[in-house]
Amino acid sequence: AKYWRNEIQWEEKGFRPSSYLLELLMLQVFQSTTFDPTLSSEDQSISVFLKFLELICNHRSLWNAFYTLEAARQNVSDNIPPVVVDPINLTKNVAPKVEQWKQMARAAKNTLDLFRELQTSEKLEEFKLEFVLMGEKNTRNATQC
């Protein structure tokens, strides 16, 4: 997700989504995903990433399991969707402002559209290889910190 974010040409530097926001969104995807043991780890990773992009495209509100959406909306001062409630601070909306979210949703939709085009072509296997190599590179970089 962070690699995807870093590859997007954002209109303004301030429009770039934070790592924390991406982590909360990815956590939501993982919590709501049932993994298919018959799929390869590469296919599962791609499936999770596509669900992450779909979540961005269709997102309205995200909150933690420890409190209800109603409680989150009552406590967050910026109650205009999208709302991504900080699981530690119930009063904080981690989501960027609506215009920034719209740009992020457009980028996610463009990536989904590109992937769908790849699915109908012979380039899907090339994409999978690049996706796996990208993940390995990011894992190596993370362990070097």
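These questions and answers go through a predicted model of one protein chain.

Student: What pattern of helices and strands does the protein chain follow along the sequence?
Tutor: Start with the inventory: the protein chain has six helices and two strands. Now put them in sequence order. The pattern reads α-α-α-β-α-β-α-α.

Student: What share of the contacts with a separation of 6 or more comes from residues 24 or more positions apart?
Tutor: Take the contacts in the protein chain with a separation of 6 or more. Ask what part of them joins residues 24 or more positions apart. That part is 50%.

Student: At what angle do the axes of H2 and H3 cross?
Tutor: H3 covers residues 41-58. Its axis and that of H2 come within 9 Å. The crossing is right-handed. The angle is roughly 115 degrees.

Student: How many nonpolar residues are in the contact of H2 with H3?
Tutor: H2 brings Leu22, Leu25, Met26, Gln28, Val29 and Phe30. H3 brings Val48, Lys51, Phe52, Leu55 and Ile56. Sorted by class, one residue is polar and one is charged. The nonpolar count is nine.

Student: Is Thr33 buried or exposed?
Tutor: Thr33 lies in the loop between H2 and H3. Its relative accessibility is 12%. The cut-off for burial is under 20%. Therefore Thr33 counts as buried.

Student: Which backbone oxygen does the side chain of Thr33 reach?
Tutor: Look past the residues up to four places away in sequence, and Thr33 touches Val48 and Lys51. Both of these belong to the H3 side of the contact with H2. The backbone oxygen lies on another residue, at 2.5 Å from the Thr33 side chain. It is that of Val29.

Student: Is Glu11 buried or exposed?
Tutor: Glu11 is found in the loop between helix H1 (2-7) and helix H2 (19-31). Its relative accessibility is 56%. Exposed means over 50%, so Glu11 counts as exposed.

Student: Which residue has a side chain joined to that of Glu11 by a polar contact?
Tutor: Glu11 and Gln100 are 89 residues apart along the chain, yet their C-alpha atoms are separated by 9.3 Å. Leaving aside neighbours within four places in sequence, Glu11 is in contact with Gln103 and Arg106. A polar contact of 3.3 Å joins the Glu11 side chain to that of Arg106.

How values were computed. Residues are numbered from 1 along each chain as its sequence is written. This is a predicted model: local features need pLDDT of at least 70, side-chain atom pairs count only at pLDDT 80 or more; totals for chains, interfaces and linings use all residues. Side-chain values use heavy atoms; hydrogens and water are left out. Helices (H or I, at least four residues) and strands (E, at least two) are DSSP runs, numbered from the N terminus. Buried means under 20% relative accessible area, exposed over 50%, partly exposed in between (1.4 Å probe, protein chains only). Contact means heavy atoms within 4.5 Å. A polar contact is a pair of N or O atoms within 3.5 Å; within protein, one must be able to donate a hydrogen and the other to accept it, and residues adjacent in sequence count only if both atoms are side-chain atoms. Axes are lines fitted to C-alpha atoms, for helices over the stretch in contact, and angles run from 0 to 180 degrees between N-to-C directions. A crossing is left-handed if the near helix is turned anticlockwise from the far one by less than a right angle, and right-handed if clockwise. Ala, Val, Leu, Ile, Met, Phe, Trp, Tyr, Cys and Pro count as nonpolar, Asp, Glu, Lys and Arg as charged, and the others, Gly among them, as polar.
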